[in-house]
Amino acid sequence: MNNSNKKTLEQRFRLSIILVSIVIPIAVAILFTVKLKDFGIEVEPLSFLPPIYASLNGLTALLLVMGVMAIKNGNKKVHERFMTTAIACSVVFLVMYVAYHMTADSTVYGDIDGNKILGATEKANAGSIRYVYLFILLSHIALSIVIIPLVLITYVRALAARFDKHRKIAKITFPLWLYVAVTGVVVYLMISPYYAN
C-alpha cells in the first residue's frame with residue numbers, strides 16, 4: 001500500500017471517527033435518562049448485568065496489557081487480535097451498561113445498603129469515601145469520552161499500516177484506556193454494596 005492509499009484510508013475514516021466520538025457520548029447520556037417503564041414497557045431491572053459488564057472492563061484491561069506485551073515481543077497478529085477483542089468488549093460493555101440503566105433506577109453511593117437505610121455511623125463512613133468514589137467515577141466518565149476518538153484513531157492508523165503514527169498515539173491511548181477499564185471495575189466494586197436487592 002503506497003502513502004497516498006494510506007492517507008486515503010485515514011481520511012476516509014476521519015468523519016466517521018468524529019461522528020462516532022460525538023454521537024456515542026450524547027446517545028449514552030440521553031439513554032441513561034430514559035427508563036423503559038416511563039413508556040409503559042414493564043420490564044424487570046436487568047440487575048444481573050453490572051457484575052458482567054464490570055467483568056468485561058476487567059477483561060478489557062487484561063487484553064490491553066496482553067496486547068502491549070505481544071507487540072513488545074514482536075507478535076503483531078496476536079497484538080491485533082487482543083486489541084480488536086478489547087474494542088469488542090468495550091462495545092458489549094456499552095450496550096449492557098445502557099440496557100441496565102434503561103431498566104433500573106440509578107444507585108447513589110452511600111445512601112442505601114440493599115433495602116436497608118444506613119445508620120449515622122455507616123453514612124459517615126460512606127461519606128468519607130464518597131469523595132474518593134466520586135473522583136474515580138467522574139475521571140472514569142470523562143476519560144471514557146476522551147478515549148473513544150483515541151482508540152478509533154489508533155486502530156485506523158494500524159489498519160492503514162501507519163505504524164510510526166500508530167505507536168505515537170498508542171502511547172497516549174493505552175494508559176488512558178487502561179485507566180478507564182480498571183476504574184470501571186473499581187467503580188462497580190465501590191457501588192455494588194449499595195445496589196437494591
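This is a predicted model: local features need pLDDT of at least 70, side-chain atom pairs count only at pLDDT 80 or more; totals for chains, interfaces and linings use all residues.
## Helix α2 against helix α5

Two packed helices are described by the angle between their axes and the distance between the axes. For helix α2 (residues 49–72) and helix α5 (residues 163–191), the angle is about 150° and the axes are 8 Å apart. Angles over 145 degrees count as roughly antiparallel, so α2 is roughly antiparallel to α5. The crossing of α2 past α5 is left-handed.

On the α2 side, the contact is made by Pro50, Pro51, Ala54, Asn57, Gly58, Thr60, Ala61, Leu64, Val65 and Val68. On the α5 side, the residues are Phe174, Trp177, Leu178, Ala181, Val182, Gly184, Val185 and Tyr188. Sorted by class, the contact of α2 with α5 has 14 nonpolar residues, 4 polar residues and no charged residues.

## Phe174 in helix α5

Phe174 lies in helix α5. Leaving aside neighbours within four places in sequence, Phe174 is in contact with Leu64, Val65 and Val68.

Phe174 counts as partly exposed because its relative accessibility is 25%. Phe174 and Thr154 are 20 residues apart in sequence, and their C-alpha atoms are 9.6 Å apart in space.

## Helix α2 against helix α3

Helix α2 also packs with helix α3 (residues 76–103): their axes come within 8 Å and cross at roughly 165°. The two helices, α2 and α3, are therefore roughly antiparallel to each other. Here α2 passes α3 in a left-handed crossing. By class, the contact of α2 with α3 has 23 nonpolar, 7 polar and 1 charged residues.

Notes: Residues are numbered from 1 along each chain as its sequence is written. Side-chain values use heavy atoms; hydrogens and water are left out. Axes are lines fitted to C-alpha atoms, for helices over the stretch in contact, and angles run from 0 to 180 degrees between N-to-C directions. Helices (H or I, at least four residues) and strands (E, at least two) are DSSP runs, numbered from the N terminus. Angles under 35 degrees count as roughly parallel, over 145 as roughly antiparallel, 65 to 115 as roughly perpendicular and the rest as oblique. A crossing is left-handed if the near helix is turned anticlockwise from the far one by less than a right angle, and right-handed if clockwise. Contact means heavy atoms within 4.5 Å. Ala, Val, Leu, Ile, Met, Phe, Trp, Tyr, Cys and Pro count as nonpolar, Asp, Glu, Lys and Arg as charged, and the others, Gly among them, as polar. Buried means under 20% relative accessible area, exposed over 50%, partly exposed in between (1.4 Å probe, protein chains only).
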